[in-house]
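The sequence and structure come before the discussion.

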Amino acid sequence: MKEYQKEFARDLADTGALFFASGLRLKDGRPTPFFVNAGVFRTGRLSARMGAFLAQLIVEKNLIGRFDVLVGPSYKGSALAVSVAQALWTQGQGDVAFEYDRKEAKAHGEATGQKSRFVTGALFQGARVLIVDDVVTTMDTKYSLLSLLDAESTDRTLNLKTVGVILAVNREQSTAVYDALGQVIEGVRGEDAMARFTKKTGLPVHTLVGIRQVVHFLAEDGRPVLIDGVKRPLDAGTLETF
């Protein structure tokens with residue numbers, strides 16, 4: 001791992017953003033031994049650090065100059081779009097715009113007659129969009145955001161072009177597999193969620209770290225992690241559940 005990835009992994013442990021607990025379940029009902037909650041990066045310092053890490057990823061992937069607007073899906077992606085744009089500016093990488101979606105279209109004030117699905121008004125004719133978000137699980141939030149962008153592009157004749165996605169943590173999660181009654185079959189892995197997204201959309205996805213990288217590094221580092229409500233180093237039993 002590179003030094004900035006190690007710093008991010010330590011931040012995940014120190015803040016409790018990464019935590020292990022029994023009984024955790026994903027949105028689709030599947031059990032999981034851990035969660036990553038980037039919402040705990042809720043101070044100016046932590047927000048700035050997260051933005052700087054993701055800005056460094058953007059530079060590393062040679063994306064500077066290849067997009068015009070950072071778009072973060074509400075809600076956690078909204079704060080990330082702002083912090084990454086600020087980090088790019090302070091790092092001397094240019095002044096890029098940021099945008100995020102509304103939960104309900106606005107049709108009054110500056111959006112009169114437009115029913116805008118987005119907040120800042122940063123999207124413009126021919127804009128190249130880079131999506132930024134916190135975690136890869138099923139990629140459903142990213143699919144939904146692409147649909148919103150497509151609708152906005154069509155309704156306002158903007159000809160938007162999404163060029164890719166950057167994410168903080170790849171959970172390395174497979175898609176769920178369902179039985180004939182539509183129930184999740186536990187213990188059966190579907191497709192890799194991120195690879196499936198790229199296959200369906202043609203968009204590259206870049207992640208700051210994979211969860212296995214993080215966990216193995218923290219175990220070797222002896223860094224305390226929140227496990228069943230107590231901060232302690234990762235032990236063999238917890239690693240086995242992972």
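## Salt bridges

Asp68 is partly exposed, with a relative accessible area of 22%, where buried means under 20% relative accessible area, exposed over 50% and partly exposed in between, with a 1.4 Å probe and protein chains only. Its side chain meets that of Arg128 in a salt bridge with an N to O distance of 3.0 Å, a salt bridge being a side-chain nitrogen of Lys or Arg within 4 Å of a carboxyl oxygen of Asp or Glu. Because Asp68 lies in the loop between α2 (44-60) and β3 (69-72) while Arg128 belongs to strand β6 (residues 128-136), the pair ties together parts that are 60 residues apart in sequence. Arg128 is likewise partly exposed, at 28% relative accessibility. Helices (H or I, at least four residues) and strands (E, at least two) are DSSP runs, numbered from the N terminus.

Asp155 forms a salt bridge with Arg117, and the closest N and O atoms are 2.6 Å apart. Since Asp155 is in helix α4 (residues 140-155) and Arg117 in strand β5 (residues 116-118), this pair ties together parts that are 38 residues apart in sequence. Through salt bridges that share partners, Arg117, Glu152, Asp155 and Arg156 are joined into one network. Across the whole structure, the search finds 14 salt bridges.

## Basis of the model

The model is predicted, and local features need pLDDT of at least 70, side-chain atom pairs count only at pLDDT 80 or more, and totals for chains, interfaces and linings use all residues. Residues are numbered from 1 along each chain as its sequence is written, and side-chain values use heavy atoms, with hydrogens and water left out.

## The mixed sheet

An open sheet of 4 strands runs in the order β2-β1-β9-β10 with mixed pairing, two strands being counted as paired if DSSP finds at least two bridges between them. The edge strands, each pairing on one side only, are β2 (34-36) and β10 (230-233). From one strand to the next the twist averages 40°.

Strand β9 (residues 224-227) pairs with β10 in the antiparallel sense over 4 bridges, and Pro224 has Pro233 in β10 as its bridge partner. Helix α6 (residues 211-221) packs on the sheet, touching β1 (18-20), β2 and β9, and its direction makes about 75° with that of β1. Such axes are lines fitted to C-alpha atoms, for helices over the stretch in contact, and the angles run from 0 to 180 degrees between N-to-C directions.

Helix α1 (residues 3-15) has 13 residues, which at 1.5 Å a residue should span 18 Å, in agreement with the 18 Å between its end C-alpha atoms; the expected span is 1.5 Å times one less than the number of residues. The buried residues of α1 include Tyr4, Phe8 and Leu12. Arg10 forms a salt bridge with Glu3 (3.6 Å, N to O), and Glu3 is partly exposed at 46% relative accessibility. Gly16 follows α1 and has a positive phi near 80°.

Among the buried residues of α2 are Leu46, Met50, Phe53 and Ile58. The buried residues of this helix pack against α1, β3, α3 (76-90), β6, β7 and β8 (205-210), where contact means heavy atoms within 4.5 Å. Just after α2, Asn62 takes a positive phi of about 55°.
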